[in-house]
Amino acid sequence: CGMVNVIHDFRQLMRQMKKLPSFTRSSDRRRLVEDIMKNGAAETDQNKIKFLQSRLHSYAVMSASINELKYLRGLDTGEKLDPREKIRATAGRVGLSVPRFADEPLPATTQS
């Protein structure tokens, strides 16, 4: 069970690191993490193994949290919005409403 968690955390960490702009297949960060994993695999002291597993898990969670914060900050600032949503959000901030765009369907009308 412990080894499964270690592999899961390692893979999660590598996925998060791939999202970094400075990450390449030969990057120093990737080699550092891989070296730590290889050195930890040879460890026999159970206390040291638990410490390394805990450290890997903490780092993987922190990395995922940082990427999530970046994504949410992008949504908050409008960087992740499409141009139409940016227009609607900007207009809404100043109290205006944007008419429908030409390629959007007409709103449904009710006949009485």
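Helices (H or I, at least four residues) and strands (E, at least two) are DSSP runs, numbered from the N terminus. You are looking at a predicted model, where local features need pLDDT of at least 70, side-chain atom pairs count only at pLDDT 80 or more, and totals for chains, interfaces and linings use all residues. Residues are numbered from 1 along each chain as its sequence is written, and side-chain values use heavy atoms, with hydrogens and water left out.

**Stop one: the whole chain.** Show it as a cartoon and you'll find four helices and zero strands, so the order from the N terminus is simply α-α-α-α. Now colour by pLDDT (the predictor's confidence in each residue, from 0 to 100). The chain averages 78, and 87% of the residues score at least 70. Among the elements, helix 2 has the lowest mean, 76, while helix 4 (residues 83-93) has the highest, 84.

**Stop two: helix 3.** Select 46-77. This helix has 32 residues and reaches 46 Å from its first C-alpha to its last, close to the 46 Å expected at 1.5 Å a residue (the expected span is 1.5 Å times one less than the number of residues). Which of its residues are buried? They are I49, L56, A60, S63, N67 and G74. Here buried means under 20% relative accessible area, exposed over 50%, and partly exposed in between (1.4 Å probe, protein chains only). Of the 112 residues of the chain, 18% count as buried.

Click on G78, which follows helix 3 and has a positive phi, near 95°. Then pick A89, in helix 4. A89 and G78 are 11 residues apart in sequence and 8.4 Å apart in space, C-alpha to C-alpha. Is A89 buried or partly exposed? A89 is partly exposed, because its relative accessible area is 26%.

**Stop four: the largest nonpolar core.** Show side chains for V6, L13, M14, M17, V33, L56 and A60, the seven residues of this core. A nonpolar core is a set of buried Ala, Val, Leu, Ile, Met, Phe, Trp, Tyr and Cys residues joined through side-chain atoms within 4.5 Å. Zoom in on V33, found in helix 2. V33 counts as buried because its relative accessibility is 10%. The C-alpha atoms of V33 and L13 are separated by 8.9 Å, though the two are 20 residues apart along the chain.

**Last stop: the largest pocket.** Stay with V33: together with I36, M37, L52 and L56, V33 lies nearest the centre of this pocket, which 17 residues line. A pocket is an open set of points on a 1 Å grid over the protein atoms alone where a 1.4 Å probe fits, with protein on both sides within 12 Å along at least five of seven lines; lining residues have an atom within 4 Å of a point. About 470 Å³ of space lies inside, a volume being the space filled by probe spheres set on the points, which are joined across faces, edges and corners. Select helix 1 (2-18), helix 2 (28-41) and helix 3 together, since each supplies at least two lining residues. Helix 2 gives the most, with seven.
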